[in-house]
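Hi,

Here is the structure I promised to pass on. Have a look at it first, and then read my notes below.

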Amino acid sequence: MKLFYTPNSPYARIARIASLELNLSEQIEMQKVTVRDPNSELLNYNPTGKVPTLATDDGFILSETRIICVYLNQFNPKIKLVADVSDGFLQQLEGIASGFIDGIAVWVRELRRSSTEQSSGIIELERSRALKILDYFEKISEKFDQTPKLAHITLASALGLESRLPELQWRLSYPKLAQWYDEFSGQPSLQATKPDS
């Protein structure tokens, strides 16, 4: 199998962490690529040009992070990384964490645009939504543990975007969440996949 990634993609980071947590390093070749590049090698595999992309050994091209994680989990089913119907709380957390990372990604992309092209409405919508989600996570943070599950990995990958989004400044207002995140981020898989500074 071959996993295409960029070092700074939070979505690719989730898939990379999943592969480490599932002990699949020996079975997956990691291929660093460029995105938004008409000459990217990735386009030979995935016409969307998005990371993560997984080329499977049986000839399929999988994209979208959760689809890749579900696929990878079958190779080590004793580790239940992806939530299923037997765990409603983790399914709920996975969905909200996914929405959180999507909103943060939109906010970061909008701020990268020139000031004359930025939409203040989009920025305010994503800021407001992020704060509501952070309020929710802070309230339920005592239910989080340090066991790497897709929900926790997605949440940590989103919170790890703090260096790219200083406007968020979430740590002081959400101390329980910050404590969980700081401890969870010490996991070897998260340390090995830290984005480039």
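Before the sheet makes sense, you need one rule: two strands count as a pair if DSSP finds at least two bridges between them. Keep in mind, too, that this is a predicted model.

**The sheet**

With that rule, 4 strands form an open sheet, in the order β2-β1-β3-β4, and the pairing is mixed. β2 and β4 (61–63) are at the edges with a single partner strand each, so one side of each has no neighbour in the sheet. Going from one strand to the next, the twist averages 20 degrees.

Now for the pairings of β1. Strand β1 (residues 2–5) and strand β2 (residues 29–32) run parallel, and 4 bridges join them.

α1 lies across β1 and β2, and runs at about 145 degrees to β1. Helix α2 (residues 65–73) lies across β1, β3 and β4, running at about 125 degrees to β4.

**A helix pair**

Further along, take a look at helix α4 (residues 120–140) and helix α6 (residues 175–184). They pack at an angle of about 75 degrees, and their axes are 8 Å apart. Angles of 65 to 115 degrees count as roughly perpendicular, so that is what α4 is to α6. On the α4 side, Leu 134, Phe 137 and Glu 138 meet Pro 175, Lys 176 and Leu 177 of α6. Sorted by class, this contact has 4 nonpolar residues, 2 charged ones and no polar ones.

**Salt bridges**

Last topic: the count of salt bridges comes to 9. One of them is between the side chains of Lys 50 and Glu 64, at 2.9 Å from N to O. Why pick this pair? Lys 50 sits in the loop between β2 and β3, while Glu 64 sits in the loop between β4 and α2, so the two tie together parts that are 14 residues apart in sequence.

Cheers

Key. Residues are numbered from 1 along each chain as its sequence is written. This is a predicted model: local features need pLDDT of at least 70, side-chain atom pairs count only at pLDDT 80 or more; totals for chains, interfaces and linings use all residues. Side-chain values use heavy atoms; hydrogens and water are left out. Axes are lines fitted to C-alpha atoms, for helices over the stretch in contact, and angles run from 0 to 180 degrees between N-to-C directions. Contact means heavy atoms within 4.5 Å. Angles under 35 degrees count as roughly parallel, over 145 as roughly antiparallel, 65 to 115 as roughly perpendicular and the rest as oblique. Ala, Val, Leu, Ile, Met, Phe, Trp, Tyr, Cys and Pro count as nonpolar, Asp, Glu, Lys and Arg as charged, and the others, Gly among them, as polar. A salt bridge is a side-chain nitrogen of Lys or Arg within 4 Å of a carboxyl oxygen of Asp or Glu.
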